[in-house]
Amino acid sequence: MSSIRHAENKSLWVVRELGLPAIVKTCVSCRFTRHHSTGKIRVNANGKLLDVWLLIGCERCDRTSKIPVHERVHVQALDHERLVMFENNDPAIVRELVHAQRRLDWTGTWELETDMPFYDIESDPHPLEVIVRFELPAPIRVEKLLMAGFGLSRSAVKRSTDSGRIRLPMAVDARAREDFTFQRSYRRNPGR
Ligand SMILES: [Zn+2]
């Protein structure tokens, strides 16, 4: 952090994790495409060979499906600590396995928490630096974050980014999933 930014206001926005994303996979029973994690991992031993599956449930009919994590892997090829976590259905490893799936639906998995000041941001002459921190790697359209964080309409966000009042490190319609910082400057022409 630079110490030169003495006249700058900072704000922290946190993308809070509310839950795990849905796994997009077609159910063999009812053809529904959303599954949730059951929070369980199954480990099967066949001699020295192990199979490890993530167990998921269809959101409509509740049918359980298995997603292979390791197939016929030698017990010594697996990190012992991870094996213990698999056997204990450790929530951290379940989360990791769910996040590693290729097709995910992140709807409803996050909320934006801001510490925006309770004063009129439009009349503050100092630029505001906003640090956006992600608790989960949910891909979120930047425009959506700005709308939620500032309480602005889509067109107001577009005007602010077009005019350079909001300066982003990526395109406004890009999806962010990692921490980033942007600036919002004060209105130079109040009459505009
Ligand atoms: Zn189903």
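Throughout these legends, a residue is buried under 20% relative accessible area, exposed over 50%, and partly exposed in between, using a 1.4 Å probe and protein chains only. This is a predicted model, where local features need pLDDT of at least 70, side-chain atom pairs count only at pLDDT 80 or more, and totals for chains, interfaces and linings use all residues. Residues are numbered from 1 along each chain as its sequence is written, and side-chain values use heavy atoms, with hydrogens and water left out.

**View 1. The whole protein, for orientation.** The protein has 4 helices and 12 strands; these are DSSP runs numbered from the N terminus, with helices being H or I of at least four residues and strands being E of at least two. Of its 192 residues, 34% come out as buried. Take the contacts between residues at least 6 apart in sequence, and 64% of them join residues at least 24 apart; a contact here is heavy atoms within 4.5 Å. The accessible surface is about 11700 Å², with 47% of that belonging to carbon and sulfur atoms; areas come from the Shrake-Rupley method with a 1.4 Å probe, and for residues only the protein chains shown count as cover.

View 2. The SG atoms of C27, C30, C58 and C61 are the protein donors, lying 2.3 Å from the zinc ion. To be a donor, an N, O or S atom has to be within 2.8 Å of the metal (3.2 Å for Na, K and Ca); water is not among the atoms, so sites may look incomplete. Angles among the 4 donor atoms run from 102 to 116 degrees, making the site tetrahedral, a label given to four donors if all angles lie between 85 and 135 degrees. Along the chain, the donors follow the spacing C-x2-C-x27-C-x2-C. C27 has a relative accessible area of 0%, so it is buried, whereas C30 counts as partly exposed because its relative accessibility is 22%.

View 3. Strands β4 (residues 49-58) and β5 (residues 64-74) pair in the antiparallel sense over 8 bridges; pairing takes at least two DSSP bridges. L49 sits opposite H74 in β5. The hairpin leaves 5 residues between the strands, and D62 takes a positive phi near 75 degrees. Another one to look at is R72, in strand β5: R72 isn't a glycine, yet its phi is positive at about 45 degrees. R72 counts as exposed because its relative accessibility is 53%.

**View 4. Helix α4 and what it packs on.** In α4 (residues 154-162), A156, V157, S160 and T161 are buried. Seen down the axis, the buried residues of α4 fall within an arc of 130 degrees, so they line one face of the helix; the arc is that of directions from the helix axis to the C-beta atoms. They pack against α3 (142-150) and β10 (166-167). On the face turned away from the buried side you'll find the exposed residues R159 and D162. After α4 comes G164, with a positive phi near 85 degrees.

**View 5. N89 and H99 around α2.** Most residues other than glycine have a negative phi. N89 has a positive one, near 50 degrees, and it is found in the loop between α1 (80-87) and α2 (91-99). With 23% relative accessibility, N89 counts as partly exposed. H99, in helix α2, counts as buried at 17%. Leaving aside neighbours within four places in sequence, H99 is in contact with E17, L20, P21, L104, W106 and P137.

Key:
Four donors count as tetrahedral if all angles lie between 85 and 135 degrees; four count as square planar and six as octahedral if opposite donors are over 155 degrees apart and all others between 65 and 115; anything else is irregular.
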